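Me: I'd like to go through the aromatic rings in this one, please. Could we start with what the words mean?

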Amino acid sequence: MSDTETKRAPTVGFVSLGCPKALVDSERILTRLRGEGYEISPTYEGADTVVVNTCGFLDSARDESLDAIGEALAKNGKVVVTGCLGAEADLIRKRFPQVSAITGAHRYDEVLDAVHQVAPPPPDPFRDLVPPQGVKLTPKHYAYLKISEGCDHRCSFCIIPQMRGDLASRPVGEVLREAEVLVENGVKELLVVSQDTSAYGLDTRYAPGVWRGREWKGSFEGLAQGLGELGAWVRLHYVYPYPHVDSVIPLMAEGKILPYLDIPFQHAAPSVLKAMKRPGNQAKTLERIAKWRSICPEIVLRSTFVVGFPGETEEDFQFLLDWLQEAQLDRVGAFAYENVEGAAARDLPDHVPEEVKQERRERFMAAAQKISRAKLLTKVGGTMEVLVDEVRRNGVAVARSKGDAPEIDGHVFVRPGTMLTAGDLVQVRVTRTEAYDLWAEPVDRALRKPAATLAPRGRMHRVISRI
Ligand code: SF4
């Protein structure tokens, strides 16, 4: 056996932090590393180098990223930093002068170059080791589909445009082909992500692209139409409430894409929205929500809000609560405002005391929970299709309805679920409800086998888990 044959392939450890957009960056880097013949190490100790894909959105996320870099340096010593926090190379270098390289978000070539320096690639890349859909950090049955980078908005609490630049949409044909390959390789649910999904194509003037022998408009609607041809669950995230969003509601009513919209409204009070530098006519939004529901009654609306924004008065907060009551949003998350280094909102006057922010968040979530509970109660006794994410040892299948996105929304617990497996699409009858979750049983009697002890089928998003 020659020297080359006995040499082991170089190994890379990977820590992926942050939002689904960052997760897609991690997947792309890992795909290219595997394509070059690198092995991926599940431990720090077994790796020739470690890549840390950081998040820098909130101060708490920055702290987590800095901790992760410190941990990787302590346990491995050779660390390449990428991701949003990479935009602050000086800060990282000051704290960790020994890092091997620092690159910004989606700078795949630079990450690869840095890894090559620390752990040179094997002479003969094992390209056939890479599956056609690339390396995925999500379970086999769902995948994030990133359609653009950057954002043209300038919300005062956000530094993403500073870190990721202005909107840059991927060509529509390329996105549709990627989606098709994912579905051909077993993906049942596509989660469309970007910073501003509804702005898709604005920068390319909606340049058309060819897919399956025909032309598709490179717009939000054109993309949704194309994705609707794939026969998979298609879920739209991070949709900014532009008027043209109305155009995809009929596709939801036809069952082409999921009746689900994730719109981060952030607030409702006009003065707060103005300070946030976001569009301010939430009364009109209520009218549009009513119209969407008249076209597609089963539509599920998810949103996130920031409470305790600088200058938010008790009246503003009450306005938000009243708006929520009127809008009856199905899924809601709320964050207490946090300062972000470099964001304009940091310098606004009248910051809200921490205890008031927390108290408002609790009141807001209590109101949202009441709405969620009442809405879920109407489902009891009905049937629905669910997608199974995992089957637990106790025989309960953890699934999601069309109205539940992974990681952020509720679950449908299916019992007995012993006959089910991750990735199954199955009809269930809802038996009872909790505040955010449903319990159900399979409609098909043949699937109602009693619970038995099973091996856990977990999910792992980080190649190296940080506990
Ligand atoms: S739309 Fe989203 S990404 Fe763009 S600036 Fe506002 S919060 Fe940031």
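Reply: Gladly, and please keep in mind that this is a predicted model. A residue is called buried if its relative accessible area is under 20%, and F265, with a relative accessible area of 3%, is therefore buried.

Me: OK, and how many aromatic pairs are there?
Reply: The count comes to ten aromatic pairs. One of them is formed by F265 and W323, an edge-to-face pair with 5.2 Å from centre to centre and 70 degrees between the planes.

Me: Where in the chain do F265 and W323 sit?
Reply: F265 is in the loop between β13 (260–262) and α10 (270–276), whereas W323 belongs to helix α12 (residues 314–327), so that the pair links distant parts of the chain, 58 residues apart. W323 counts as buried because its relative accessibility is 4%.

Me: And what about F309 and Y337, how are they arranged?
Reply: F309 and Y337 also make an edge-to-face pair, at 5.3 Å centre to centre and with 80 degrees between the planes. F309 lies in the loop between β14 (300–307) and α12, and Y337 in the loop between β15 (331–336) and α13 (354–377), so this pair ties together parts that are 28 residues apart in sequence.

Me: Is F309 buried or exposed?
Reply: F309 counts as buried, since its relative accessibility is 0%, and Y337, at 5%, counts as buried too.

Me: Which residues form a cluster?
Reply: One aromatic cluster is made up of F265, F305, W323 and F364.

Me: Switching topic, what lies over the face of W216?
Reply: That is R214, at 3.7 Å from the ring centre.

Key
Residues are numbered from 1 along each chain as its sequence is written. This is a predicted model: local features need pLDDT of at least 70, side-chain atom pairs count only at pLDDT 80 or more; totals for chains, interfaces and linings use all residues. Side-chain values use heavy atoms; hydrogens and water are left out. Rings of Phe, Tyr and Trp (its six-membered ring) pair if their centres lie within 6.5 Å; planes under 30 degrees apart count as stacked, over 60 as edge-to-face and the rest as tilted. Helices (H or I, at least four residues) and strands (E, at least two) are DSSP runs, numbered from the N terminus. Buried means under 20% relative accessible area, exposed over 50%, partly exposed in between (1.4 Å probe, protein chains only). A charge sits over a ring if NZ of Lys or CZ of Arg is within 6 Å of the ring centre and within 35 degrees of the ring normal.
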